Amino acid sequence: LLQTGGAYQQFNAGPLVMNGGVVESMVAPNANYGNFLLRNSMTVGGTNTSVVRADFRMGDSATRTITVGETGEDIDLFFQGKVSHFESVTWGYMTKAGPGTMAFSNALNQVTVGSLTVSDGEARFINSLTPGSLANGGLINNARVRVELTTGMTQTCNTVMSGSGMLIKSGPGRLIISNAIGGTQSVV
């Protein structure tokens, strides 16, 4: 799905279902609403990685559930653009469900929803753990969160973290946690 014009597109008729493929935009995002608005849930399945290369927003002070199935790939859903709320309008919240892996890879502060709850499977941050950007609830990890940092990368994370899941740091880079980790999380 390629956006080539217009201010932004909305997924509001029902859940967004991806079974592989790419959602991307070739136009500048709207300052408040990005390129695509998710006004319902999202389900990922199939046998190939689903990729979002756009400014992807959720808001309405609601929680959007992203259910990620296992596709047989290392990463099942890969966000390669900004994931945020309706800036200056309303907060949006994200819950990751399903056994698959949802990954984020972009510049710092690109995941700016109010909170991210990881209920099942894995949420992976590649060279970023969104420092301080989950500012209205933090990171609630009840499954597995992995931070991958490449050589020479130092990441300071001041996001509030809680939950009963596992926080894993992998790769040769350096991760500095500047906030207390609450709940019963184990750190590896």
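**Loops, strands and core**

Student: Where does Asn12 lie?

Tutor: Asn12 is in the loop between β2 (9-11) and β3 (16-18). Strands here are DSSP E runs of at least two residues, and helices are H or I runs of at least four, numbered from the N terminus. This is a predicted model, where local features need pLDDT of at least 70 and side-chain atom pairs need pLDDT 80 or more, while totals for chains, interfaces and linings use all residues. Residues are numbered from 1 along each chain as its sequence is written, and side-chain values use heavy atoms, without hydrogens or water.

Student: Is Asn12 buried, exposed or partly exposed?

Tutor: Asn12 counts as partly exposed, because its relative accessibility is 44%. Buried means under 20% relative accessible area, exposed means over 50%, and partly exposed is in between, with a 1.4 Å probe and protein chains only.

Student: How far apart are Asn12 and Gly59 in space?

Tutor: They are 12 Å apart, C-alpha to C-alpha. In sequence, 47 residues separate them.

Student: Which loop holds Ser61, and what is its phi?

Tutor: Ser61 is in the loop between β8 (56-57) and β9 (62-68). Its phi is positive, about 55°, although Ser61 is not a glycine. Ser61 counts as exposed, because its relative accessibility is 52%.

Student: And Ser88, what's its phi near?

Tutor: Near 65°, again a positive value in a residue other than glycine. Ser88 is in the loop between β11 (83-84) and β12 (92-97). With a relative accessible area of 77%, Ser88 is exposed.

Student: Switch to Ser84. Buried or exposed?

Tutor: Ser84 is buried, at 0% relative accessible area. It sits in strand β11.

Student: What do the polar contacts of the Ser84 side chain look like?

Tutor: One joins the side chains of Ser84 and Thr112 at 2.5 Å. Another joins those of Ser84 and Glu87 at 3.1 Å. A polar contact is a pair of N or O atoms within 3.5 Å; within protein, one must be able to donate a hydrogen and the other to accept it, and residues adjacent in sequence count only if both atoms are side-chain atoms.

Student: Which residues is Ser84 in contact with, neighbours within four places aside?

Tutor: Phe56, Arg57, Met58, Thr112 and Val113. Contact means heavy atoms within 4.5 Å.

Student: Now the whole chain. How many helices and strands?

Tutor: 0 helices and 23 strands.

Student: In what order do the strands of the open sheet run?

Tutor: The 7 strands go β3-β6-β9-β12-β15-β17-β20, and the pairing is parallel. The edge strands are β3 and β20 (161-162), each pairing on one side only. Two strands pair if DSSP finds at least two bridges between them.

Student: How many bridges link β6 and β9?

Tutor: 3, with β6 (residues 42-44) parallel to β9. Val44 has Val68 in β9 as its bridge partner.

Student: What does β4 pair with?

Tutor: β4 (residues 21-25) pairs with β1 (residues 2-3) over 2 bridges, in the parallel sense. It also pairs with β7 (residues 50-53) over 4 bridges, parallel too. Glu24 is the bridge partner of Leu2, and Arg53 in β7 is the bridge partner of Glu24.

Student: Which residues of β19 are on the covered face?

Tutor: Gln155 and Cys157, in strand β19 (residues 154-157). Thr154 and Thr156 make up the uncovered face. In a regular strand the side chains alternate between the two faces of the sheet. β19 is joined to β22 (residues 174-177) by 4 bridges, in parallel, and Gln155 has Leu175 as its bridge partner.

Student: What about the nonpolar core? Which members touch the most others?

Tutor: In the largest core, of 34 residues, they are Met42, Phe56, Leu77, Met94, Met102, Phe104 and Leu116. A second, separate core has 5 residues, including Val51 and Phe78. A nonpolar core is a set of buried Ala, Val, Leu, Ile, Met, Phe, Trp, Tyr and Cys residues joined through side-chain atoms within 4.5 Å.

Student: What does Leu116 touch, residues up to four places away not counted?

Tutor: Met94, Met102, Phe104, Phe125, Leu134, Gly138, Leu139 and Ile140.

Student: Last one. What percentage of the chain counts as buried?

Tutor: 49% of its 188 residues.
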